[in-house]
Amino acid sequence: MRLDAQAGSRKAIQAVGKSGEAFDRGGFWFRYIFRLYIEKNQENTQMKENGKSGGVSPEKTVPETRIAVVGIIIESQESVSKVNEILHQYGSHIIGRMGIPYREKKLNIISVVLDAPADVISAVSGKLGRLSGVSSKALYSRTT
C-alpha cells in the first residue's frame, strides 16, 4: 500500500492498493485493512495446518500490558499544549485522566491511567519528563 498526499485538496491522503485502484480515507480504510489482516491470519493458519512454519502466532503478536498511573506536574503554562499532544498521541492506551488546576501555586496536576506495554508507559513518562517545566513519574501495578 502506498500513501499519496494531494496538496491543496480536501482529500489529504489517498491510498493505492496492490492492483492500483485508488480509494479515499475513511470507512473503507478500516474494511480494507481488516480484510488484509484476516487474509494474513488465514494464510498463517493454513500454513500451520500443513506443517509449514510461517508468520507469528497470535499469542506472540499481542504484547503483555501493564496498568500504570503516570503522575504529571506542570509548572510552566507554555508546556500544557505539548503535554496534551503527547497524551493524545498515546490516547489508545489511556484508560482515564484526571486533571486538577492548583491556581494558588500556578500548577496543573494530572494523573493518567494507562493499560499498555511497559515500554509504551516508559515512553509516555519519558517524553513528558523531558518537557521544560514538566515533571512526570510512572507507578506500575504488580500484576499484568
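How many bridges join strand S5 to S6, and do the two strands run parallel or antiparallel? The legends below take up this pairing and its surroundings in a predicted model.

**View 1. The hairpin of strands S5 and S6.** Strand S5, residues 94-102, is joined to S6 by eight bridges, and the two strands run antiparallel. At one of these positions Ile94 has Leu114 of S6 as its bridge partner. Four residues lie between the strands of this hairpin, and Lys106, which sits in the turn, has a positive phi of about 55°.

**View 2. The pairing of strands S4 and S6.** S6 also pairs with S4, in the antiparallel sense and over nine bridges.

**View 3. The largest nonpolar core.** This core has 18 residues, among which Ile72, Val83 and Leu128 touch the most other members. At least two of the core residues come from each of strand S4 (66-74), helix H3 (80-89), strand S6 (107-116) and helix H4 (118-129). In soluble globular proteins, nonpolar side chains tend to be buried together. When neighbours within four places in sequence are set aside, the contacts of Leu128 are Val70, Ile72, Val83, Ile86, Leu87, Val134 and Ser136.

**View 4. Helix H4 and its buried face.** The 12 residues of H4 should span 16 Å at 1.5 Å a residue, and this agrees with its end C-alpha atoms, which are 16 Å apart. Buried along the helix are Val120, Ile121, Val124, Ser125 and Leu128. Seen down the axis of H4, these buried residues fall within an arc of 130°, and therefore they line one face of the helix. An α-helix has 3.6 residues a turn, so residues three or four places apart point the same way. The elements that cover the buried residues of H4 include S4, H3, S6 and strand S7 (134-140).

**View 5. Confidence along the protein chain.** The mean pLDDT of the chain is 77, with 60% of its residues reaching 70 or more. Among its elements, S4 has the highest mean pLDDT, 96, whereas strand S1 (residues 2-5) has the lowest, 43. Over residues 1-20 pLDDT stays under 50, although the model has 36 contacts beyond four places in sequence for this stretch. Where pLDDT is low, the predicted coordinates should not be read in detail.

Key:
Residues are numbered from 1 along each chain as its sequence is written. This is a predicted model: local features need pLDDT of at least 70, side-chain atom pairs count only at pLDDT 80 or more; totals for chains, interfaces and linings use all residues. Side-chain values use heavy atoms; hydrogens and water are left out. A nonpolar core is a set of buried Ala, Val, Leu, Ile, Met, Phe, Trp, Tyr and Cys residues joined through side-chain atoms within 4.5 Å. Buried means under 20% relative accessible area, exposed over 50%, partly exposed in between (1.4 Å probe, protein chains only). Contact means heavy atoms within 4.5 Å. The expected span of a helix is 1.5 Å times one less than its number of residues. The arc is that of the directions from the helix axis to the C-beta atoms. Two strands pair if DSSP finds at least two bridges between them. pLDDT is the predictor's confidence in each residue, from 0 to 100.
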